[in-house]
Amino acid sequence: MASAAEQLARNLNFGTFAKAKALQQRIWFTLGALIVYRLGTYIPVPGIDPDAFRQMFQQGAAQGVLGMFDMFAGGAVQRMAIFALNLLPYITASIVVQILTTASPRLEALKKEGESGRRKINQYTRYLAVIFCAVQAYSIAIGLEGSQGVVLNPGWFFRITTVVTLVGGTMFLMWLGEQITSRGVGNGISLVIFAGIVANLPVTVAQTLQLSQEGALPAFAGIGLLLLAVVVIAVIVFFERAQRRLLVQYPKRQVGNKMFQGDSSFLPLKLNTSGVIPVIFASSLLLLPATFTAFTAQNEGMQWLQVVGALLGRGQPLYLALYAIFIIFFAFFYTSTVFNPTDTADNLKRAGGFIPGIRPGERTANYIDYVLTRITLIGALYLCFVALIPEILVSQLNVSQFIGGTSLLIIVTVTLDTVSQIQSHLIAQQYEGLVKKSRLGGKRR
């Protein structure tokens with residue numbers, strides 16, 4: 001028999017959505033914020049020659065480095081807009097702070113303080129993001145000055161202007177993402193990255209079809225890439241919905257003179273508990289040095305950076321190996337930070353629940369950790385497959401414009417999460433309607 005929540009979910013329709021005024025306001029706010037973000041990707045950094053920079057970008061994009069970074073930035077890199085750095089510094093700062101949280105007793109104590117501790121950690125993350133953003137912006141300014149004809153008036157004024165502009169753009173995106181999370185629908189940071197990828201999706205598909213028509217890409221290869229994208233999307237949906245359910249039994253209990261039968265439920269463990277976070281973190285760490293080398297390799301005396309940039313190019317063995325290592329590491333690391341088997345076992349013990357055949361307490365925690373480790377390994381390998389297989393095929397076909405598995409993973413995961421939150425709001429709306437009807441019926445009686 002279906003539960004009350006499942007019955008409500010089946011009754012969701014456009015009529016229910018039309019009555020959810022608060023949800024409509026949240027959706028409109030989210031769309032408005034994303035439109036503001038897209039407008040910002042067309043505001044260029046002052047002091048740049050657009051034609052000269054576009055030519056330099058095309059040379060860098062041929063290696064796949066700037067092209068991939070531009071895909072995450074929603075086209076802001078090829079226009080050198082104020083949002084060119086996107087949220088890369090903030091994501092890098094989040095990685096560093098999360099690693100430090102596990103190593104620093106002070107930060108770990110702040111994490112356990114609840115909401116107040118979380119706010120302090122977020123504040124530290126913002127400060128570190130400003131530092132990373134300033135360093136990257138200054139490196140980009142130096143690299144642009146070293147490129148012939150890109151900067152109109154080289155000098156300290158241009159460097160300071162570029163640093164202030166790029167840092168301000170990233171800080172604004174951080175604030176905009178937080179506003180979407182609190183006042184809109186979905187995770188704001190993920191939605192900003194999602195919007196940038198989706199904005200470039202029609203262009204990348206059109207460019208792939210154009211290459212196929214011109215003969216630069218075999219017709220069967222273009223069709224195969226599109227079919228591969230469909231297969232990857234199906235695999236992502238399947239694995240993101242997959243769960244390992246642990247049976248939990250509750251003993252019989254007596255209330256007064258009545259004896260209630262022991263209930264049973266399930267402890268759901270997602271196959272991919274970390275979601276899209278490992279892929280985003282791994283991409284950010286790889287794009288950080290690759291972007292720096294792409295901008296500065298043309299400077300005199302820094303030709304050795306061309307070797308580094310070539311080794312970290314898309315489809316190169318070193319790039320693929322580091323990508324896989326980072327994905328597996330962050331899959332286990334992030335899962336360990338968001339899910340604690342010991343706390344889960346203690347909560348089950350307090351509630352009187354137990355896993356059949358497993359003694360409550362430490363034995364239960366060890367068993368949950370045993371199961372979680374193995375399904376996390378499967379989830380990490382799935383993430384590697386989704387992220388690396390399209391990268392290998394695209395690099396072999398020499399099609400740097402086509403959207404890869406990483407972008408498809410972000411698109412599908414963010415879409416599923418946003419739709420799930422919309423459904424939660426609609427179910428809450430139905431519950432509120434049922435409560436109001438029951439109150440009115442009680443007054444009439």
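**Close-up views of a predicted model**

**View 1. Leucine 271 sits in the loop that links strand E4 (264-270) to helix H12 (277-296).** Helices (H or I, at least four residues) and strands (E, at least two) are DSSP runs, numbered from the N terminus. This is a predicted model, in which local features need pLDDT of at least 70, side-chain atom pairs count only at pLDDT 80 or more, and totals for chains, interfaces and linings use all residues. Residues are numbered from 1 along each chain as its sequence is written, and side-chain values use heavy atoms, with hydrogens and water left out. Leucine 271 has 13% relative accessibility, so it counts as buried (under 20% relative accessible area; exposed is over 50%, partly exposed in between; 1.4 Å probe, protein chains only). Leaving aside neighbours within four places in sequence, leucine 271 is in contact (heavy atoms within 4.5 Å) with Phe239, Ala242, Gln243, Ile375, Thr376, Ile378 and Gly379. Threonine 376 is 105 residues from leucine 271 in sequence, yet 6.3 Å away in space, C-alpha to C-alpha.

**View 2. Threonine 413 belongs to helix H17 (residues 405-444).** Its relative accessible area is 12%, so threonine 413 is buried. Beyond neighbours within four places in sequence, threonine 413 is in contact with Ile236, Glu240 and Val276.

**View 3. Helix H3 (residues 21-40) packs with helix H9 (residues 156-183).** The angle is about 170° and the axes are 9 Å apart. Axes are lines fitted to C-alpha atoms, for helices over the stretch in contact; angles run from 0 to 180 degrees between N-to-C directions. H3 and H9 are therefore roughly antiparallel (over 145 degrees; under 35 is roughly parallel, 65 to 115 roughly perpendicular, the rest oblique). Residues making the contact include Phe29 and Leu34 of H3, and Phe172 and Leu176 of H9.
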